[in-house]
Amino acid sequence: MSDDLPEGWRWVTPTDTATSGRHALAIGPFGSNLKVVDYVDHGVPLVFVRNIRAKDFCRSDEPCVSPAKAEELAAHRASGGDILITKMGDPPGDVAIYPHGAPDAIITADCVKWSVDPSVADSRFLAYATRSPAVREQILDQTKGVAQRKISLARFKAVKYPLAPLAVQQAIASALDSYFSRLDDAVANLERVQRNLKRYRASVLKAAVEGRLVPTEAELARAEGRDYEPASVLLERILAERRRRWEEAELEKMLAKGKPPKNDKWKAKYKEPAEPDLHGLPELPEGWCWTSLEQIAVWGSGGTPKRGQAEYYGGEIPWAVIGDLTDGPVGSTESTITPLGLAESSAKLLPSDSVLLAMYGSIGKLGISTIEMATNQAIAFAHPVLLTSRMLFTWLLAHRPHLVRQGKGGTQQNISQTVVKATVVPLPPIAELARIVDVVDAGLSHSDQVGGSLKICVSRIQTLRASLLGSAFRGTLLSRVDQESSDLAQPVASIA
């Protein structure tokens, strides 16, 4: 924190600007003084940390206390115009002004109330100052604790605030109100576009698996006077190829052991994928059929070498965990394992172009490997049969909401490979599926580009907010902010 201030300004503490009342600066009551059993549906409203962060007070769905209980807690009363600050969080120091005209409220634990003397300071000015770099740094420096980092009232009272002459405070606060209101409007527009993008992506994927995204192969074949292969025939070929690959792999294992088969009885060990349960499923477009994820791909999962064994980790084999999956290509991983770690665990070396699916936590998160790699057991891998990896990836992406709903568990939801493989999905003719994937890729790529532009705009708005606050409390706000706002206006307007 620099000691330099504009001429006529001075450093003050919260106590210097508070009203003379005994409880002008106060924190919420200890837990023993305000318990959940004290909550009632109607009465004197309570202010929680979440209300301060959201700047949203007196909600009808928030608990209250009775007038008698509020009288007991009068030392923790907040009135219109009081500054409210969170004293815990990551980081603490979120700030809001309790609305003028709102009924008096009682602050709860981990909130600070600051009643400002209007003859000395403007509450808006001090609230903005709380968010300025000079004050934020002090609050962070005063934050203590391990499990829950907090700033005590005593330490908060020692924080120094820059204070301008009252008329200057009011001018700066009004200017910031105006600029931040415009930035809030810009953010609201960007958030609206982000919501529309999310809906657009969902609608593209939904149309894809319902046969509404491209002309069906049956329609094109009729129009062009030709035959086509329906999905039912494609599925027969997939199942035949699936068996052929198994037999080929099994024969290779037997020959490697020097035990060539004497007859074909070993082929009876092949286990056909279970027939999907079609009960209650809707009618499909002409030429489509129902299948299961097990029927159209060969599935497996990885493993984790024993922890604490240094010789298992840090080798040349990429080892993917869920954090490496980003719904796109996976060409590198944060962690690696050694050939020994691979050999002495259930991890498997996967070829490039393997489809990866998260089964724990972030259920349905996806990736396609672009290099050879192994994975841990939280990731299922799939190798599609007669379909491309991109086709299977797109179908899994479209069915992610269904997979998420199948998740089980408490803190961390998970889904088993058995459930994944039993998932029933529609299958179009392969030529139609290829066209669908092309259109989905184009649509989602455009969505990603727009989403990237939105993130840039949001980042610029955050930067401008910080710049405005920095300028405000260096005394240079009014001379520079007009140009910065106009610089931001064009890209925001073009996106929104």
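This is a predicted model: local features need pLDDT of at least 70, side-chain atom pairs count only at pLDDT 80 or more; totals for chains, interfaces and linings use all residues.

**Entry 1: cysteines.** I started with C289, which has a relative accessibility of 13% and so counts as buried, the cut-off being under 20%. Next I looked up C64, and at 9% relative accessibility C64 counts as buried too.

Then I wondered how far the sulfur of C64 is from the closest cysteine sulfur. I found that closest sulfur in C58, 8.2 Å away, which is too far for a bond. A disulfide would need the two sulfur atoms within 2.5 Å. By this rule, my count of disulfides came to zero.

**Entry 2: two helices.** I turned to helix α4, residues 123-131, and helix α5, residues 133-142. Their axes come within 5 Å, and I noted a crossing angle of roughly 65°. Which residues meet here? From α4 I listed A129, T130 and R131; from α5 I listed P133, V135, R136 and I139. Sorted by class, this contact has four nonpolar residues, two charged ones and one polar one.

**Entry 3: a sheet.** I then traced an open sheet of three strands, with mixed pairing, in the order β15-β13-β18.

I followed strand β13, residues 313-320, across to β18: the two run parallel and are joined by two bridges. For W319, I found the bridge partner A374 in β18.

Conventions
Residues are numbered from 1 along each chain as its sequence is written. Side-chain values use heavy atoms; hydrogens and water are left out. Axes are lines fitted to C-alpha atoms, for helices over the stretch in contact, and angles run from 0 to 180 degrees between N-to-C directions. Helices (H or I, at least four residues) and strands (E, at least two) are DSSP runs, numbered from the N terminus. Contact means heavy atoms within 4.5 Å. Ala, Val, Leu, Ile, Met, Phe, Trp, Tyr, Cys and Pro count as nonpolar, Asp, Glu, Lys and Arg as charged, and the others, Gly among them, as polar. Two strands pair if DSSP finds at least two bridges between them. Buried means under 20% relative accessible area, exposed over 50%, partly exposed in between (1.4 Å probe, protein chains only).
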